[in-house]
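Try each task on your own before you read the solution.

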Amino acid sequence: MSAKAEALGGAGESKLSPQFHVAHHFDKADTQFDAGRMGVWLFLVTEILLFGGLFCAFAIFRSKYFPSFVEAHHHLDRVMGGINTIVLITSSFTMALAVRSAQKNETKKTTLLLAVTLACAAMFLVVKYFEYSHKIHDGLLPGGNFTAADFASGHPGIFFAIYFMMTGIHGVHVVIGMGLILWILLRNQKNEFSSRYYAPVENVGLYWHLVDLVWIFLFPLLYLVG
Amino acid sequence: MSTSHAEHDHGHGSANGDHVPHVLPFKVYIATFATLLFLTVVTVAASYVDIGHTGNLIVALLIATIKASVVALIFMHLKWDHKFHGIIFVSALLFLAVFIGITMSDTEFRGEAEAIEAKNPVDLKDPFKAQRTGDIAIPKEAAAPAAAGSAAPAAGSAAPAAVPAKH
Amino acid sequence: MRLDPIELGSFWMPKQSSTIAGEIDTAYYIVYWLDVVMFVLLMGALAYFMYKYKRRGPKDKLSDVTHSTVLEISWTIIPSILVIGLFFVGLKGWMQAMVAPGNALEIRTTAEMYMWTFTYPNGNVSVNELVVPKGQPVKLIMSSKDVLHSFFVPEFRVKQDVVPGTYTTVWFEATENRDTVLFCTEYCGVGHSDMMAKVRVMEKADYDNWQETGLLPGEKPLPPAELGKKLYATRSCNTCHSLDGSRIQGPTFKGVFGRTEQIADGSSIKVDENYIRESLLEPNKKVVQGYPAVMPTYKGLLKETDIDAIIAYLKTVQ
Amino acid sequence: MANTATVDELGHSPEVRGKNYLNQTAGVWSWLTTVDHKRIGIMYLVSVLVGFGLGGIFALLVRLELLTAKKTIMDATQYNQAFTLHGAAMVFLFIIPSIPASLGNFFLPLMIGAKDVAFPRLNLLSLYLFWIGAIFMLAAIVTGGVDTGWTFYVPYASGVSTTSVISATFGVFVMGFSSILTGLNFIVTLHKLRAPGMSWYRMPLFLWSLYATSIIQVLATPVLGITLLLLIFERAFHIGIFDPTLGGDPVLFQHFFWFYSHPAVYIMILPGMGVATEILTTHSKRRVFGYKAIAFSSVAIALVSFLVWGHHMFVSGQSELSSAIFSFLTFFVAIPSGVKMFNWLGTLWGGSIRFTVPMLYGIAFLFLFAIGGLTGLFLGTLSVDLHLHDTYFVVAHFHYVMMGSTAIAFFGGLHHWWPKMTGKMYDEKLARVGFALTFIGFNWTFFTQFILGTRGMPRRYYNYLDQFQPLHAFSTYGSWVLGTGFLITFICLARSLKSGAPAPANPWDSATLEWQTQSPPITENFEKAPIVTLDAYERPAEETA
């Protein structure tokens, strides 16, 4: 998140559109733009490896407790998961369009698209809330907290540990993403972005697409094949 | 900075160093969005078709990978971006594969040395002699917890990893 | 417990007291001499350069050679060959250490904070003392009750972590007929460094005798009542049955022989040889009223002579 | 500058003369809100030295306790906390940030002729995250200590220990972010902010080592993050992933932990190698021998370091297949390390060696790293590791690498760059005394432990067999000499701040860019953006003639 904040370089304080001030340690705007984006890509690498640890745990325990994983994944709601997938893909789409309209100096359209993205993110969390409360009610909880009685296979708690860790950390990323989108939405309303300077929009977009990307793998692995 | 810059191919930038955006046509976004929605439907549908657990897993991962690639290449502009950013991204996946792969070389093969040795004895001192001195036929279930006589591992009901589940 | 010191076999290594030790020490000394030679060469060059190229003044002639492809390639390739060799040196001894011979004596080993329990094939149990025969492969099948521990006998050169929830194994064949030390080498808490145990290696005949009678070489058999007293302590009778009349988990042993007890089903019974024997083998068949039925069975854990000894001892507790 | 008539010998105009990054602005607030990489580097330097002091005190306490076979000054609980905090403080508060975050932050932009790092505010954030993490760790010490060992192995750390594990691990988690942000910043800076003419192969080799380090920081640290999160959740909510009673796998924790912590060993040593390269080339007045070999070996070490983590687990119960793979790959880390060693010697060959204080540290580095590296071969050899694993041999080995190589290189670098950073020269004689005691004390303390280890002394033991007592006592006496050495070094450096002679711009007659500006540098580093026309360590023709 902070990588994004900084991706503006030292340019945040300046009057931006139509000409913004290049931070003193960069030779030209293009270098600053590229540096910011390289920073974001490196940051996304760390995100991939952070989630990677959980994917690793998933692979190992799926192999170890296969029957339990198959049984447990039937307790996840495919419909809710599917709706959330579509919601998140839609938000990714509107985010990509928001970057495009920022590139084209269409400030109002950018605001609108960012607002839609924000709404999708909120909807994702609402669906997630219902899913979680359902799981909690049924006692489908991680490890030692697992209380659902009607399980035939051993160690279903491991599946739900991975489920809650993965979706929980992903959910935290959605919340952080919402904060970031709100932040650029407000800046956009102050007319800070233009076709010459839209790096924050693009960089928050990159982050948001990664959140989508992680979900694209989470959904089939957890909900569909178990 | 000219040197560092010249090393990269770059789609943007102008002579005076100002940033010039690379704008994609609207229909590209629409097509991408439609593809993603379509693939989501396909992956859900495919999960209802039973082609074996491994089969379903492979199909699901394949579709997810295609979707992820579409998002990365088009929504994230990787296709038109500096090659180096792509290298960064791919290297993350590469190191993740190393992490998962080598870790599983442990968890999938724990305690198997004795079973392999029982089936196919190799003496490093004399690799062509099939039987080691002192060996009797080994009816081994790997580390053979049952042979221990007493109860299961004391720490709990955990199945010993010596007999990894195979599917 | 008094532990004998580890005996040294050379300046660096403890005595070789297992069949695998020689193999491992050979690998150790191969690496050792390779290292010594490398170190002397490197530091020799360093010392020589320090002397030869010490600054004499601003007019020092400086070499302008900045690279040599031949040198770079050779000092990449030659060490590569050396270390691949080392890998196989290590692999050889290690494969031997990993795979136990088929005729190994299997001893079930449990580690917990902070003690070692060894269960032998005939059901005998020893705590913090591993007794093994000389000249026979022994395979330990180990698990932990709580946290990670590790089994390490320096004189045998074997080490293996003991992991809760899974079995790990280690094997060795002792070659020296004397006692040595066993360490826990995986940090396990406040008592980690006290989790040491004695390894007694004895001749096969002595080992068999110990299994049969519990007697170490040179020890005389105890009179039954004294053996019974020893068993009362070593087999944990004392955790539930007092000698002074106080109530713990089970009825006191003070004056137990000949006493008449109320049984849980309402009947009463006089404590005699047969009731004591039955209580040891099927403890929860006739439980004294007012006490929980929690005593574990000693079936298979006590020999006939042990039971006789306990009966003899209980007769003396008045 | 137009006004060429009045520039001084460094080309500084009158407005700039006398100004530097230290006196540009004043007050605590100006430091806490600075985005100047040099000031951030200095604040990191002070922080890691405090961490070093803290870890050092615990180290001396541990050694003192081991003077006798039974209780000397503390009980077993206190001892376990002391060695845990020694390890955790040294690794997380000192070694990992030591060279990159302090010397690296200060000199990376200077050495490429840039005005700052790519993301100056991110740099400051990284410092604050480091402080926040450190506060959580200190809070753990105050609220019950930590007794798990710095490796936090489960199930002990997740279930059994009653100490403040969560606070400590959360502190490490936060410090991980600090480490990631520093690495990310360095990579982008090196890619985007090199001065005109400063091609990749003209960069000083210290920067190649920092680049390699940064790759590891970015790729490995997130896995530590998820590992510690899982540990915290395991401890707080019993999620079961590492808990055998719930079906989890404690050995899996070790994979997770070492996937970070083994590459982290190279986060620690690679910058040390870089510093040593700078010292050896500067003080022998000789261009580096085998520039590309040293540069690429840094990157090779970084990449191979990701493939060898399982050599910490040969006896952990991992599969025999894994152990064999890891042992094989482990030996290949030795190759680039060896290549560096040979090239350093090649650099001394045909030079003009001045035995300045930094050079003494540089030569000590070669000596100690040779021992540290060569003894690693024992531990990579599968069968030998069966005997040596988790004994004092391992303790001695990694102290030779971490302390003997990285810390010695760090102090060498500190002496090398001290004039540039502070604008003051130190008392050479006193610094030599400090160095000599450190070097002798170090070998005295830790070489002894190789003997203890091969003879079978397990590590992390509070009570031990009487037969080890003489060697333990001998090692403890050495630790006092070592401690005295560091104390003298600190006194020497502190005194120079007060009464040191002003440092010239280039006291060592070095060829690299950071010496081409005044000491201490101005806030913008260079008054005129430098244009690089020479290869790394190359001197202008009239000078070499």
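**Exercise 1. Two domains in one chain**

Find how far apart the centres of domain 1 and domain 2 of chain C are.

*Solution.* Keep in mind that this is a predicted model. Begin with the bounds: the domain assignment of chain C puts 1-49 + 67-219 in domain 1 and 224-316 in domain 2. Next, take the centres over C-alpha atoms; 42 Å separate domain 1 of chain C from domain 2 of chain C.

**Exercise 2. Who touches whom?**

Work out which of the five pairs of chains that touch has the most contacts, and describe the chain C side of the contact with chain D.

*Solution.* Now count the residues: chain C brings 73 and chain D brings 68. Then look at which elements of chain C give two or more residues to this side: α1 (19-52), α2 (69-98), β6 (149-153), β7 (158-162) and β9 (179-184). The largest share, 16 residues, is from α2(C). Finally, sort the side of chain C that touches chain D by class, which gives 45 nonpolar, 16 polar and twelve charged residues.

For contrast, chain A and chain C are joined by no contact, and their closest C-alpha atoms are 13 Å apart.

**Exercise 3. A chain of helices**

Describe the make-up of chain B, and then its contact with chain A.

*Solution.* Chain B holds five helices and zero strands, in the order α-α-α-α-α along the sequence. Of its 167 residues, 29% count as buried. Among the contacts in chain B with a separation of 6 or more, 47% are between residues 24 or more positions apart.

Turning to the neighbour, 45 residues of chain B meet 46 residues of chain A. At least two residues each come from α2 (26-48), α3 (53-75) and α4 (83-107) of chain B. The largest share of this side is the twelve residues from α4(B). By class, the side of chain B that touches chain A splits into 28 nonpolar, 14 polar and three charged residues.

**Exercise 4. Helix pairs in chain D**

How are α7(D) and α8(D) oriented to each other, and how does α8(D) lie against α13(D)?

*Solution.* Take the first pair. Helix α7 (residues 205-237) and helix α8 (residues 250-283) of chain D have axes that come within 8 Å and cross at roughly 165°. Angles over 145 degrees count as roughly antiparallel, so α7(D) and α8(D) are roughly antiparallel. Their crossing is left-handed. The residues of this contact are 21 nonpolar, seven polar and one charged.

For the second pair, the axes of α8(D) and helix α13 (residues 392-422) of chain D also come within 8 Å, crossing at roughly 45°. α8(D) is therefore oblique to α13(D). This crossing, too, is left-handed. Residues making the contact include D:Gly272 and D:Ala276 of α8(D), and D:Ser405 and D:Gly412 of α13(D). By class there are nine nonpolar, six polar and one charged.

**Exercise 5. One glycine**

Decide whether D:Gly248 is buried or exposed.

*Solution.* First locate D:Gly248: it is in the loop between α7 and α8 of chain D. Then count: D:Gly248 has 31 C-beta neighbours inside 10 Å, so it is buried. Leaving out residues up to four places away in sequence, D:Gly248 touches D:Gly240, D:Ile241, D:Phe242 and D:Asp243, as well as A:Ile158.

Key. Residues numbered from 1 in each chain as written. Chains lettered and ligands numbered in written order. Predicted model: local features only at pLDDT ≥ 70, side-chain atom pairs only at ≥ 80, totals over all residues. Domains from an automatic or database assignment. Contact = placed C-beta atoms within 7 Å. Helix = DSSP H or I, 4+ residues; strand = E, 2+ residues; numbered from the N terminus. Nonpolar A, V, L, I, M, F, W, Y, C, P; charged D, E, K, R; others polar. Axes fitted to C-alpha atoms, helices over the stretch in contact; angles between N-to-C directions. Parallel < 35°, antiparallel > 145°, perpendicular 65-115°, else oblique. Left-handed = near helix turned anticlockwise from the far one by under 90°. Buried ≥ 20, exposed ≤ 12 C-beta atoms within 10 Å, placed from the backbone.
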